[in-house]
Amino acid sequence: MAEYIRDRPLQQMQQQEQPMSHTVVKAVTAAMAGGSMLVLSGLTLAVTVIGLTVATPLLVIFSPVLIPAAIAIFLLATGFLTSGGFGLAALSVLSWMYKYLTGKHPPGADQLDQARQRLASKARDIKESAQQRIDQATQ
């Protein structure tokens, strides 16, 4: 931290020592880049407005066909994406199970083992309790 504070005035001096031409070149480059991006933004907006103006009558004429087609395409895309997601989830679960069964200790295996031990312990306790009640009832 001390080096940063010590070097800070040195960096400021180096920035101040830059020739004026470097500063002017940086400013001109930044202005040209910003200006060209602004021009591209304006052109994009103009093309979008013109395209929308041209396409609006076509959209109105073909809307009885386009809306059901758009709904169908949306449903198809949603179905394919959902099935792909479920398939990927199934493959990852199968991969995890394979690693677990082959003893490679995947993430979460400890939690699964603890849960299984707790469940087996509770089942054993319930079995013993039921056996005691049966024994008491038969006496």
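Visitor: How many aromatic pairs does the structure hold?
Guide: One aromatic pair. Rings of Phe, Tyr and Trp (its six-membered ring) pair if their centres lie within 6.5 Å; planes under 30 degrees apart count as stacked, over 60 as edge-to-face and the rest as tilted. The rings of Trp 96 and Tyr 100 have centres 5.2 Å apart and planes at 5°, so this pair is stacked.

Visitor: Where do Trp 96 and Tyr 100 sit relative to each other in helix 2?
Guide: They are four residues apart in helix 2, so about one helical turn separates them. An α-helix has 3.6 residues a turn, so residues three or four places apart point the same way.

Visitor: Back up a bit. What is this model, and how is it numbered?
Guide: It is a predicted model, where local features need pLDDT of at least 70, side-chain atom pairs count only at pLDDT 80 or more, and totals for chains, interfaces and linings use all residues. Residues are numbered from 1 along each chain as its sequence is written, and side-chain values use heavy atoms, leaving out hydrogens and water.

Visitor: Where is confidence lowest in the chain?
Guide: In helix 1 (residues 2–16), with a mean of 53, while helix 3 (residues 109–138) has the highest, at 91. These are pLDDT values, the predictor's confidence in each residue, from 0 to 100. Where pLDDT is low, the predicted coordinates should not be read in detail.

Visitor: How many helices and strands does the chain have?
Guide: Three helices and zero strands. Both are DSSP runs numbered from the N terminus: helices are H or I with at least four residues, strands are E with at least two.

Visitor: Where does helix 2 bend?
Guide: At Ser 63, by about 80°, and Pro 64 follows within four residues. The bend is the angle between axes fitted to the seven residues ending there and the seven starting there.

Visitor: Which residues does UniProt list as "transmembrane region"?
Guide: The unreviewed entry lists residues 38–63 and 69–94; such annotations may be inferred rather than shown by experiment. In the model, residues 38–63 are 100% helix, with end C-alpha atoms 35 Å apart. Residues 69–94 are also 100% helix, and their end C-alpha atoms lie 37 Å apart.

Visitor: What about His 105?
Guide: His 105 lies in the loop between helix 2 and helix 3. Its phi is near 55°, a positive value in a residue other than glycine.
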